[in-house]
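Visitor: Hi, I'm new to this one. Can you walk me through it?

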Amino acid sequence: MELTANRLDFATEGEAIEHYMEVGWTDGLPVVPPTPERVTAMLEAGGLEPGEILGEVPTRNVVVTAEAAAVNAVMAGCAVEYFPVVVAALRAHFQVEGNSHSTTATLAGAAQVIVVNGPVRNELDIASGQACFGPGFRANATIGRALRLVIRNVCRSIPGVLDRASFSWPLRYSFCFGENEEASDWRPLHVQRGFEPDDSVATVVSLMNLLRANEFAPEPEAILNAVATVARHVGVGHDEFLGDGRSILVVMGPEHQRRLVDAGWSKEKAQEYLWPLLTAESRDRYDRRLDLARPENILIVAAGGPGMADSWLFLPHLSNPVSEKVVRP
């Protein structure tokens, strides 16, 4: 396998890491030096040739090759078996509806989130339970970081260059988690989106507002009313480019999910209940409707650990969710 990237030689890995920091090839944290051996092993794990194109950003004249993705996956600290998930996430992000240029250059500083479904979650120990949004899980941290390093190093989304975020936020380091499919008999996200139950799938969403809906009442209606009230504090406007695909993601914690399951509510019933609440006309400047074309645009995912009666709402920037199957050789 012949690599095309320029080779730099250093006396020690420590010198290499310091050089990458100095020239701005990192997110501010140390990286793993991408030696030819490590990059080749990553490509072999994905069954890809170095020059295979995973995506592009035409407005920046950027083409993302498998080799570039592998280099950044090594730098992010990925184990080689993670690479097919990174590839699926990249293919999703670079779809037209993923709107890479806007979501990575915006003044608002949108983050990119990877939601993983299917057997690969457990095979790679992608966390979906207690503290799954936070640190401490190698697969979650490095898969999400690999996507962001590609956005930085290949797509040139660097502060002062093509990253115009006024403040940005920590979620731009990395954000990846799995759906807790074993928590109930609810249809997993990837199945709702047309994949087979045994498929492994990465879904990428662009996150603009992360909101928390806390409700201790046991009734499903009270829980979903709280979700709708919180979402309507911000709202989601119409966008001609994105059309009917505009969506939100509701990550439902164990207490809320258990209340709905015990009452016989499926994801589909919850979507049908929420949709008119979210899309009703705005009453004032503090109550804003969400422009969602159909109930299916309310994506519901089960995740998180016990202890708080919470659901978390992911409201989008200018992109639609895109899902791609994880392909392993």
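This is a predicted model: local features need pLDDT of at least 70, side-chain atom pairs count only at pLDDT 80 or more; totals for chains, interfaces and linings use all residues.

Visitor: Which residues of helix 10 are buried?

Guide: Helix 10 covers residues 254–262. P254, E255, H256, Q257 and L260 are its buried residues.

Visitor: OK, new topic. How many of the residues of helix 4 are buried?

Guide: Ten of the eleven, so helix 4 is largely enclosed by the rest of the structure. Among the buried ones are F83, P84, V87, A88, A89 and A92. V85, V86, L90 and H93 are buried too, and those four also take part in a contact with helix 7.

Visitor: At what angle do helix 4 and helix 7 pack?

Guide: About 45°. Their axes are 9 Å apart. Helix 4 spans residues 83–93, and helix 7 spans 138–153. An angle of 65 to 115 degrees would count as roughly perpendicular, and one under 35 degrees as roughly parallel. This pair is therefore oblique.

Visitor: Is the crossing left-handed or right-handed?

Guide: Right-handed. On the helix 7 side, the contact is made by I143, A146, L147, V150 and I151.

Visitor: How many of the contact residues are nonpolar, polar or charged?

Guide: Eight are nonpolar and one is polar. None is charged.

Visitor: Let's switch to cysteines. How many disulfides are there?

Guide: Zero, in a search of the whole structure. A disulfide is a covalent bond between the sulfur atoms of two cysteines.

Visitor: What about C176? Which cysteine sulfur is nearest there?

Guide: That of C78, 9.3 Å away. C176 is in no disulfide either.

Visitor: Are C132 and C176 buried or exposed?

Guide: C132 counts as buried, at 3% relative accessibility. C176 is buried as well, with a relative accessible area of 4%.

Visitor: Back to phi. Which residue has a positive phi although it is not a glycine?

Guide: N99 is one of them, with a phi of about 50°. S168 is another, with a phi of about 60°.

Visitor: Where do N99 and S168 lie?

Guide: In loops. N99 lies between helix 4 and helix 5 (100–105). S168 is found between helix 7 and strand 4 (176–178).

Visitor: Buried or exposed?

Guide: N99 counts as buried, at 17% relative accessibility. The cut-off for buried is under 20%. S168 is partly exposed, with a relative accessible area of 31%.

Visitor: Last one. Where is M75?

Guide: In helix 3, residues 66–76. M75 is buried, with a relative accessible area of 5%.

Visitor: What does M75 touch?

Guide: Leaving out residues up to four places away in sequence, M75 touches W25, V31, V32, P34, R145, L149 and N153.

Visitor: And how many residues apart are M75 and G160?

Guide: They are 85 residues apart in sequence. In space they are 22 Å apart, C-alpha to C-alpha.

Technical notes:
Residues are numbered from 1 along each chain as its sequence is written. Side-chain values use heavy atoms; hydrogens and water are left out. Buried means under 20% relative accessible area, exposed over 50%, partly exposed in between (1.4 Å probe, protein chains only). Helices (H or I, at least four residues) and strands (E, at least two) are DSSP runs, numbered from the N terminus. Axes are lines fitted to C-alpha atoms, for helices over the stretch in contact, and angles run from 0 to 180 degrees between N-to-C directions. Angles under 35 degrees count as roughly parallel, over 145 as roughly antiparallel, 65 to 115 as roughly perpendicular and the rest as oblique. A crossing is left-handed if the near helix is turned anticlockwise from the far one by less than a right angle, and right-handed if clockwise. Contact means heavy atoms within 4.5 Å. Ala, Val, Leu, Ile, Met, Phe, Trp, Tyr, Cys and Pro count as nonpolar, Asp, Glu, Lys and Arg as charged, and the others, Gly among them, as polar. A disulfide is a pair of cysteine sulfur atoms within 2.5 Å.
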